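Student: I have a model open and want to learn how to read its features. Where do we start?

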Amino acid sequence: MKSRVDDFKYNISETFELPKDIVLDLPKIIMIGDLELHISNHKGIIEYTQETLRINSNIGILKVEGTNLELKTILSEEIIVTGNIEKIEIIS
Amino acid sequence: MEIIKTWNYLRGYVIIKVEGLTLERFLNLAAAKDIYLWDIKRINHTLLEMKVSTKGFRALKEVVRKVGCRVEVLDKKGIPFLLYRLKNRKMLGFGVLIFFSIIIILSSFIWSIEIVGNETYSNEVIMELLADENIKSGIIKYNIDKNYIRSILLNELDCLSFVSVDIKGTRLIITIYEQDIPPEKLDINTPCHIVASKKGVITKAIVKNGKTMVRKGDVVKKGQILISGIIVDENTEDNILVHAEGEVLAKTRYFYRVDEPLMKVVEEETGEKMEIHEIKFGKKGIQFFKEDIPYEHYVKNTKEIKPFSGRFNLPFKLFVYEYMEVERKEVKQNIEFLKKSSYIKAIEELNKQIPKEAEIQFKDVIYDVKNGILSTYVVVEVVEDIGQKQIINME
């Protein structure tokens, strides 16, 4: 937790059981096996090749590695990645 | 996901190739502008392939200018493009139009009339009646007034209790329910005799009108006059004809014989069977033979297969013939059991013959074994009304 405000928000979401990705404005990453990856609340793509995908977000850069990566959809709030996903890294 | 794909296909989309150095920026800008991109594939370092809707493609132009990349359309897909291509092939569209209109036109005629449930009136009579009202195969089905047809049939034909007219596809189905006609009754003023309907011994004669011709204990033949409708006037000695009425009870006999061989051939299934399939078009059929039936004795079973559980009228019928091999064995039957079963069988047969009002007086069973055959005679004596009215012929 970086600041007091974030601390406060965290506590609120804990006590009221509110989803933290909305309260704290964090990316939500859903993975379906190693086939599909949904990233909502992203801040744009930094790099995209068939092997690596780097996505900017509030907690840093999400680095996805794999083979045959494909961007199934890109919307301002959600990215869906398909392919053979091998690794996810958060570089903050 | 399939729904989105179908939606995109309906709206039309293009497959484009984007060439440039800062392609990530291109994607980000497109996302920020709410341009929906999907199935993005990296071909190589400077090349992306993606799909975009036709509307999105127009909006992309601004992004392309900002980023400074090159866009090439690889393929156009979807209904709008298909229609665009059809514009140049007018005859094809015309053909499709003709095809559908022919189907619609042909299905708006009545091609066959089916009549169900008629017993007293033949199909031809009803067809003729309908033809007089200009209802025959080949008319347009939208012009048919079902109520009118119903009223015509109910008016023209007697003894109908219900008529339903239904149009199913190109068939006109007329369902008829006939009334049960009551038996004809003789008019009370018509002079008649009462004659014996079968032979018997008279036990009682109750005369309401007419002159008794028989007495108790008389043996009568079939057709003999029991109560005469001709009375002689005492004064003028003229014959007066009356409507004879009365009950004549007589003892009658019913007998039935059942023959059952003591040795019985029993067919036992061996479990071996084979099937032959047949397709029938109308009366002609094609059978799919495997080989000749290899069994010496067999039982044949015919089954009709109805695809779609018989909901559609198919132009062909499917049959399966099952041949089950049986073995014949001679078995000696239990004589007591056989006696009982044939007695029951005989009684059942007699019950069908004896009228309900008859009163059973006497019952006898005789068993006889001859040449390996058990004969069972059952004799029943009953008392019943044997009177039957017969109109006097004036000659």
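Tutor: Start with strand pairing. Two strands pair if DSSP finds at least two bridges between them. This is a predicted model. Take a case: the bridge partner of B:Pro261 in E21(B) is B:Ile373.

Student: How many bridges join strand E15 to strand E21 of chain B, and which way do they run?

Tutor: There are 13 bridges between E15 (residues 245–261) and E21 (residues 373–385) of chain B. The two strands run antiparallel.

Student: Which sheet holds this pair, and in what order do its strands lie?

Tutor: Read the order across the sheet. In chain B, 5 strands form an open sheet, ordered E11-E9-E15-E21-E20. The pairing is antiparallel.

Student: Which strands of chain B stand at the edges?

Tutor: Look for strands with a single partner. In chain B these are E11 (219–220) and E20 (359–370), so each has one side without a neighbour in the sheet.

Student: Now a hairpin. How many residues lie between E6(B) and E7(B)?

Tutor: The hairpin of E6(B) and E7(B) has 2 residues between its strands. Check phi in the turn: B:Gly169 has a positive value of about 65°. Strand E6 (residues 160–168) and strand E7 (residues 171–178) of chain B are antiparallel, joined by 8 bridges. One pairing to find is B:Ile167 with B:Leu172 in E7(B).

Student: Let me try one residue. Is B:Thr270 buried, exposed or partly exposed?

Tutor: Buried means under 20%, exposed over 50%, and partly exposed in between. B:Thr270 comes out at 35%, so it is partly exposed. This residue sits in strand E16 (residues 263–281) of chain B.

Student: What is B:Thr270 in contact with, beyond its neighbours within four places in sequence?

Tutor: B:Thr270 touches B:Glu325, B:Val326 and B:Glu327. Compare B:Val96, which is 174 residues from B:Thr270 along the chain. Their C-alpha atoms are separated by 59 Å.

Student: Zoom out. How many helices and strands does chain B have?

Tutor: Chain B has 8 helices and 22 strands. The C-alpha atoms fill a box of roughly 135 × 65 × 40 Å along the principal axes.

Student: What share of the residues in chain B is buried?

Tutor: Buried residues account for 29% of the 395 in chain B. The chain exposes about 27,200 Å², with 53% supplied by carbon and sulfur atoms.

Key. Residues numbered from 1 in each chain as written. Chains lettered and ligands numbered in written order. Predicted model: local features only at pLDDT ≥ 70, side-chain atom pairs only at ≥ 80, totals over all residues. Heavy atoms only, no water. Helix = DSSP H or I, 4+ residues; strand = E, 2+ residues; numbered from the N terminus. Buried < 20%, exposed > 50% of the residue type's maximum accessible area, 1.4 Å probe, protein only. Areas by Shrake-Rupley, 256 points an atom, 1.4 Å probe, with all protein chains shown as cover. Contact = heavy atoms within 4.5 Å.
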